[in-house]
Amino acid sequence: MTIEERLSEVRERIAKTADRSKRDEGSVELVAVSKTFDADAIRPVIACGQRVFGENRVQEAQAKWPELKAETAGIDLHLIGPLQSNKAADAVALFDVIETVDREKIARALAEEMKRQDRHLRCYVQVNTGLEPQKAGIEPEKTAEFVTLCRDELGLQIEGLMCIPPVDENPGPHFALLAKIAKDCGVERLSMGMSGDFETAIEFGATSVRVGSAIFGAR
Ligand SMILES: *Cc1c(COP(=O)(O)O)cnc(C)c1O
């Protein structure tokens, strides 16, 4: 299969699952995760009309996206990987959405940079739904308080929550938990679901699915 065929198959599966879940197809955004693929692999996907992309490393994204963004208007670039404070300035300059606001220190660094650069990015709070010690994210019980800090004290535009369920567990309960926390926090959007489980995520209310290998191939 070509990359164009894989992309249209993913779009079709999203549409079918949305339909089955009595949801509008347009209510699920596809974030095409292009990490590890270079600009030449990404261009055909842009040519198919895809505009929303995800990258997990600031430095890697800096090597390809300034050029790709200059070629095509309307690219919406999401940071979906962990962010260090010393990279906050670069991230704010390049990305359009930060999906991994996961601790107070980075929230403060981002808020400061956004003010300095006068670039006000949309943000998601990453929630560690599986309470995995090695994984980034706010604990479920502390999410509401953190969202309030980000919004009211720091002025960040928190539009959603994001999670990465533990690899060895059924993802459904994690997606359900994220949806419940979002409702309790008054947050609208849910970024959840990857190549292996995006249909399940849509059934649980995902408004963004982050799909890499099902589009670009194995990494
Ligand atoms: C790599 C990555 C994805 C995409 O994973 P695939 O299994 O290739 O679809 C989604 N979300 C995050 C946070 C990632 O790092």
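This is a predicted model: local features need pLDDT of at least 70, side-chain atom pairs count only at pLDDT 80 or more; totals for chains, interfaces and linings use all residues.
View 1. Leu131 is found in the loop that runs between strand E5 (122–126) and helix H6 (143–153). The backbone at Leu131 has a phi near 45°, which is a positive value in a residue other than glycine.

**View 2. Lys22, a loop residue with positive phi.** The loop between helix H1 (3–20) and strand E1 (29–33) holds Lys22, whose phi is positive, at about 60°, although Lys22 is not a glycine. With a relative accessibility of 76%, Lys22 counts as exposed.

**View 3. Lys64, a buried lysine in a helix.** Lys64 has its place in helix H3, which is made up of residues 58–71. The relative accessible area of Lys64 is 5%, so this residue is buried, the limit for that class being under 20%. The side chain of Lys64 is joined to the side chain of Glu60 by a polar contact of 2.8 Å.

**View 4. The surroundings of Lys64.** When neighbours within four places in sequence are left aside, Lys64 is in contact with Ser34, Lys35, Thr36, Phe37, Asp38 and Ala39, and also with Ile42 and Glu55. Asp19, by comparison, is 45 residues from Lys64 in sequence, and the C-alpha atoms of Asp19 and Lys64 are 35 Å apart in space.

**View 5. The chain as the setting for these close-ups.** Nine helices and eight strands make up the secondary structure elements of the chain, and the C-alpha trace spans about 45 × 40 × 30 Å along its principal axes. The radius of gyration of the chain is 17 Å, which agrees with the value near 17 Å that a compact globule of 219 residues would have. Among contacts with a separation of 6 or more, 60% are accounted for by residues 24 or more positions apart.

Definitions and conventions: Residues are numbered from 1 along each chain as its sequence is written. Side-chain values use heavy atoms; hydrogens and water are left out. Helices (H or I, at least four residues) and strands (E, at least two) are DSSP runs, numbered from the N terminus. The radius of gyration is taken over C-alpha atoms; the globule rule is 2.2 Å times the number of residues to the power 0.38. Contact means heavy atoms within 4.5 Å. Buried means under 20% relative accessible area, exposed over 50%, partly exposed in between (1.4 Å probe, protein chains only). A polar contact is a pair of N or O atoms within 3.5 Å; within protein, one must be able to donate a hydrogen and the other to accept it, and residues adjacent in sequence count only if both atoms are side-chain atoms.
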